[in-house]
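Keep the sequence and the model open while reading.

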Amino acid sequence: MSTILIIEQVLNGLQSGVMLFLMAAGLTLIFGVMGLINLAHGSLYMVGAFAAAAVAGVTGSFLLAVLAALAAAAAAGVLVETLVIRRLYAADHLDQVLATFALILIFSEGTRLIFGSFPLYLDIPSWLSGPVTLPGGIQYPLYRLALIGVGLVVAMLLWALIERTRIGIQIRAGENDREMIAALGVDISKLYTLVFALGAALAGLAGALVGAIQSVQVGMGEPVLILAFVTIVIGGIGSIKGAFVGAILVGLTQTLGSVFLPVLFRLFLDPATAMSLGASLANMAVYILMSLVLIFRPTGLMGARA
Amino acid sequence: MIRERYVNAALLAGLLAVPLYALLVDEPFTITLATRAVILALAAVGLNIALGWGGLVSFGHAAFFGIGGYSMGILAFHAQNFMPLDLGFMVFDGTKSMPVIWLVAIITSALAAFLIGLLSLRTSGVYFIMITLAFAQMFYYFAISWSRYGGEDGISIYIRNDFPGLNTLVPIQFFGICFAALVLALWLNARLVASPFGLALNAARQVPVRVQTVGLDPTRLKLVAFVISGAITGLAGALFADLNRFVSPSMFSWHLSGELIVLIILGGVGRLMGPVLGAVLFVALEHFLGGLTTHWHIALGAILLGVVLFARGGVIGLLCGPKGQS
Amino acid sequence: MTDTVLETRGITKSFGSLCASDGISIDLQAGEIHAVIGPNGAGKSTLIHQICGGLRPDAGQVLLQGQDVTALPTAARARKGLGRTFQISALAMEDSVLENVMLGALGASGRPWRFFVPVMGDRTLRDRATAALERVGLQDALHSRTAALSHGQRRQLEVAVALTLDPRAFVMDEPMAGLGAEGSKTLTGFLDGLRDQAPILLVEHDMDAVFALADRISVLVYGRIIATGTVDEIRRDPAVREAYLGDPA
């Protein structure tokens with residue numbers, strides 16, 4: 001096992017971790033501030049990816065494509081929030097689950113109606129393609145490295161927004177005491193729309209960025225949604241910091257597990273068994289991680305104590 | 001309450017009448033469709049005991065559905081291939097007998113529900129939702145990698161299993177078996193709700209602290225409800241596998257867990273016939289809308305949204321008023 | 001020689017730097033009403049939680065009829081005879097009044113693991129439940145939904161549920177809270193007669209009720225009992241006047 005392979009896989013894990021964070025951050029904010037379980041968050045991810053693929057197809061510009069993803073997902077977020085989600089804040093979690101499940105159906109089928117059932121492809125722009133040589137002589141795809149960079153920058157901007165700005169203060173107040181911010185004269189319904197749009201834009205951004213290394217297709221948001229939920233639960237719901245820690249943990253566990261568990265099992269099992277056992281354990285690893293976290297810390301790593 | 005009884009009776013009568021009519025006009029596909037609705041209803045009735053009365057929003061009931069399915073798949077696989085199953089302490093030929101398969105399905109899914117419930121009940125709220133999902137996902141990935149039983153491809157069973165005195169290959173007879181199981185589960189559910197255990201469970205959902213102060217343990221009550229719930233959903237899984245003569249890891253998928261929750265909310269949470277109405281509506285919508293347009297999911301989504309926004313308490317709530325009011 | 005039913009010995013509980021219970025020793029004798037008063041934030045709720053089992057003290061003991069119950073969970077203490085009422089009604093709002101009291105009777109019977117018999121057909125439980133409802137005067141509201149009860153009726157129902165347990169001691173958390181003058185008076189009269197059945201540890205803000213009912217009063221300030229005595233002793237106590245009633249000594 002070479003050091004280079006290990007470093008490469010750690011970088012891969014970080015890359016999927018920070019992308020997961022973009023999803024999880026919105027999800028955890030929306031839950032923390034509005035108390036809403038939003039299953040349709042994966043649909044916003046998909047909207048971002050499709051918008052990016054469509055715009056890139058017409059203009060050929062990756063930057064415009066990413067901007068389109070942000071705008072389309074935010075717009076879809078505002079639309080959905082004002083038409084549907086707004087009526088669900090006071091409802092119990094079960095109603096939220098059913099309503100946002102219904103939104104998934106509408107979004108997925110609507111996208112299929114517009115774009116058809118075949119996957120679209122979003123190309124990595126030429127100025128970000130190809131490998132780059134890292135210190136130590138490791139060759140690593142520039143685009144993936146850029147994703148890590150973008151993810152970290154967004155994480156820092158988000159942290160600054162929440163900790164350092166007026167809106168951030170209102171958001172934090174909203175997590176702690178809903179009546180308090182109403183009493184302070186904050187327009188709650190505007191704040192909620194804003195938070196929802198912000199979360200949607202982050203999801204759309206993730207969809208566009210990941211869309212360039214995977215195919216863009218209907219249903220792409222669902223596995224990510226489940227992983228994002230796992231992430232925020234591990235981190236503690238409502239905590240941005242928890243979402244970040246959770247996302248990195250999940251990203252690393254998944255990537256490293258799928259590469260190294262089969263290798264590890266080969267040390268004491270025959271290759272075929274090691275391969276299949278390793279692969280299945282790698283897929284289970286994230287869920288095993290989550291259940292262990294919850295068994296020992298029932299409200300996640302950084303969640304408020306129950 | 002009186003009204004709900006009429007609605008319940010009409011629903012069961014309708015569910016029985018449709019396949020009988022289909023038998024008369026010779027439309028076996030409709031019978032299969034009705035059987036599918038009945039089995040999904042049975043699975044959801046199981047979940048409703050945990051979710052509706054225990055307040056336990058399990059997003060992992062596919063685990064029990066799948067365990068039921070694989071109980072059938074594994075037992076029948078060994079029987080049809082004449083490959084005895086070596087359990088270490090004994091060798092078992094497998095079986096094609098439904099009652100034996102059901103028993104195994106019920107016991108294994110109850111056991112799994114006990115272990116999953118024991119660990120999951122340390123958490124609550126959204127965390128409970130997610131930890132139950134996690135356990136189901138573990139089973140899902142395990143099934144995918146279990147190459148002995150087909151891995152991702154699952155197991156096909158060539159001939160439907162036997163029930164003494166019946167020909168299960170005749171669609172209406174198999175429907176009868178499933179319908180009887182559903183009625184039995186509903187009867188059990190009704191008895192349970194009215195029993196001392198039901199009273200305590202109902203209170204444990206609403207005010208666990210009150211249940212403690214009268215000297216009872218709410219967590220234990222919920223655990224028992226979870227086990228009963230898992231066992232019923234497991235039985236439904238075994239029947240579902242027999243309906244399709246096929247089991248695959250998709251029986252463990254989170255889509256299925258989600259679908260069961262959706263059925264219940266659509267019909268009415270914590271209402272005896274809520275899951276049945278939900279399952280019937282879901283299968284009917286799937287069939288009729290699907291026949292009209294390939295994009296029927298949009299219509300289904302719009303209908304579900306309408307139910308949440310305008311019919312809180314599900315369709316039963318719409319028909320019979322809120323729970324507990326006469 | 002009096003008979004101690006319930007007792008705390010030096011219980012201490014801190015939340016971070018805040019010491020909510022600072023070595024509290026308090027006892028409840030047979031036949032008495034012992035009131036605990038104190039300003040907001042004095043640690044009354046924390047004290048009740050430790051007595052009833054919701055919180056585990058950092059140090060000290062809780063004894064019920066001479067038996068150490070410090071390590072027991074809430075349900076086990078209830079089975080040993082601790083009857084509790086809540087400040088904010090903890091009732092199954094979707095259920096009927098009768099069902100709420102039946103739950104108490106079921107808890108007292110210790111037999112919830114019956115799955116097939118209708119609970120409403122159990123005569124023993126039902127008699128016990130209706131007897132408790134009659135005692136608090138709710139017999140006419142038997143089949144009302146709890147959510148439809150007035151605030152005062154919910155307080156009565158709280159007491160009725162505790163009664164079904166036939167407890168050795170009552171712990172009541174502000175039973176008068178939110179009641180009007182008329183309601184307080186009625187409940188005061190009722191509690192007055194209840195002390196012969198089992199002694200009451202009464203945490204209460206309503207001073208009229210406390211002075212009318214209490215055999216003894218303990219004053220809790222910043223997690224410590226600063227005085228215990230009869231109504232007159234407490235009224236005269238200079239420390240109490242200063243710390244609690246706000247008079248300069």
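## Terms and model

Two residues are in contact if their C-beta atoms, placed from the backbone, lie within 7 Å. The model is predicted: local features need pLDDT of at least 70, side-chain atom pairs count only at pLDDT 80 or more, and totals for chains, interfaces and linings use all residues. Residues are numbered from 1 along each chain as its sequence is written, while chains are lettered from A and ligands numbered from 1 in the order in which they are written.

## Chain A against chain B

Chain A brings 38 residues to the contact, and chain B brings 34 residues. On the chain A side, α4 (93-115), α9 (221-235) and α11 (271-296) each supply at least two residues. Helices here are DSSP runs (H or I, at least four residues), numbered from the N terminus. The top contributor on this side is α4(A), with 16 residues.

What classes of residue make up the side of chain A that touches chain B? There are 26 nonpolar, eight polar and four charged residues. Ala, Val, Leu, Ile, Met, Phe, Trp, Tyr, Cys and Pro count as nonpolar; Asp, Glu, Lys and Arg count as charged; the others, Gly among them, count as polar.

## Two domains in chain C

Chain C divides into domain 1 (1-81 + 169-249) and domain 2 (96-166). Such bounds come from an automatic or database domain assignment. Taken over C-alpha atoms, the centres of these domains of chain C are 26 Å apart.

Domain 1 and domain 2 of chain C each give nine residues to their contact. On the domain 1 side, α2 (74-79) and α6 (181-194) of chain C each supply at least two residues. α6(C) gives the most to that side, with three residues. By class, the domain 1 side of chain C has six nonpolar residues, two polar and one charged.
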